[in-house]
Amino acid sequence: MVAFPNAKINLGLYITEKRSDGYHNLESVFVPVGWSDVLEILPASETSFRSTGLPIPGEASTNLCLRAYEQLRKDFDLSPVRIHLHKVVPIGAGLGGGSSDAAFTLKVLNTLFDLKLSTEALEAYARPLGSDCAFFIRNEAKFCVGKGDEFSEIMLNLAGKSILLVYPDLHSSTAEAYAGIRPRPAPAQWTQVVQQPLHTWQASITNDFEQSLFPKYPQLAQIKRQLYEAGAAYASMSGSGSTVYGIFEGEVPEALFPQLTTWQGKL
């Protein structure tokens with residue numbers, strides 16, 4: 001079976017509280033985008049994992065796809081599989097690529113072995129794998145709180161809008177991003193703003209990580225500035241960085257950021 005684990009962006013990201021378990025509570029709207037990896041899982045005589053495309057740090061034995069398989073194998077008698085991940089979405093880019101790979105592994109295994117797990121059950125298996133993993137089970141725009149794994153509905157209409165994601169080949173670690181954060185309450189009723197016309201967002205919706213990372217990496221602030229100069233109705237860093245995106249009312253202008261890794265598509 002072949003699947004295409006996609007990335008996500010954050011519309012607004014507010015770090016509201018440090019938790020007793022070492023994580024942070026946040027408020028954000030997660031939105032799936034089409035930039036995707038390729039995941040193939042086949043029955044095999046023994047379980048294995050290999051990757052192609054972008055290099056993935058760490059040992060193959062600790063990859064999130066294998067961890068997802070082991071998560072299910074605790075409760076089900078799964079036969080061995082061969083997992084092949086072709087990595088396209090940049091790592092350490094604030095796009096949730098690894099979390100998506102894990103979530104899609106759960107979904108593929110659920111189908112491959114006819115486990116008949118509900119959406120809620122799959123989310124429960126996904127949560128221990130990473131803060132963003134459960135989001136990719138439903139894979140639709142949600143208002144997210146807690147560690148980013150508690151969801152509620154949000155009315156969001158971005159149909160017809162175009163998006164350009166710009167990755168400056170800069171790996172931003174989550175620990176580095178959080179080091180400069182001082183948790184604070186999110187602006188009151190900011191989620192109502194995100195349901196208003198796109199041109200109203202710029203003054204009201206922000207990503208807290210920009211305050212800590214832009215001074216350290218001026219290139220990120222420059223990319224955001226250039227996106228606005230190119231006509232983006234809204235631009236922001238995604239997650240804890242380092243991808244910066246711009247949302248356009250019409251088509252994305254040609255020849256933007258020719259020296260950097262980019263992806264563009266429709267929302």
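**Sheet notes**

The model is predicted, with local features needing pLDDT of at least 70 and side-chain atom pairs pLDDT 80 or more, while totals for chains, interfaces and linings use all residues. Residues are numbered from 1 along each chain as its sequence is written, and side-chain values use heavy atoms, without hydrogens and water.

I then looked up the pairing of E10 with E11: they run antiparallel and are joined by 4 bridges (strands pair if DSSP finds at least two bridges between them; strands are DSSP runs of E, at least two residues, and helices runs of H or I, at least four, numbered from the N terminus). The two form a hairpin with 6 residues between them, and Gly-239 in the turn has a positive phi of about 55°.

On the other pairing, I found E9 (residues 162-167) antiparallel to E11 (residues 244-248) over 5 bridges. Ser-162 has Phe-248 as its bridge partner, and Ile-163 stands opposite Ile-247.

I noted the whole sheet as open, with 4 strands in the order E10-E11-E9-E12 and antiparallel pairing. E10 (234-237) and E12 (261-266) are at the edges with a single partner strand each, so one side of each lacks a neighbour in the sheet.

Last, I checked burial (buried means under 20% relative accessible area, with a 1.4 Å probe and protein chains only). In E11, 5 of the 5 residues are buried, so the strand is largely enclosed by the rest of the structure. Val-244, Gly-246 and Phe-248 point one way from E11, and Tyr-245 and Ile-247 the other way.

Terms used: Buried < 20%, exposed > 50% of the residue type's maximum accessible area, 1.4 Å probe, protein only.
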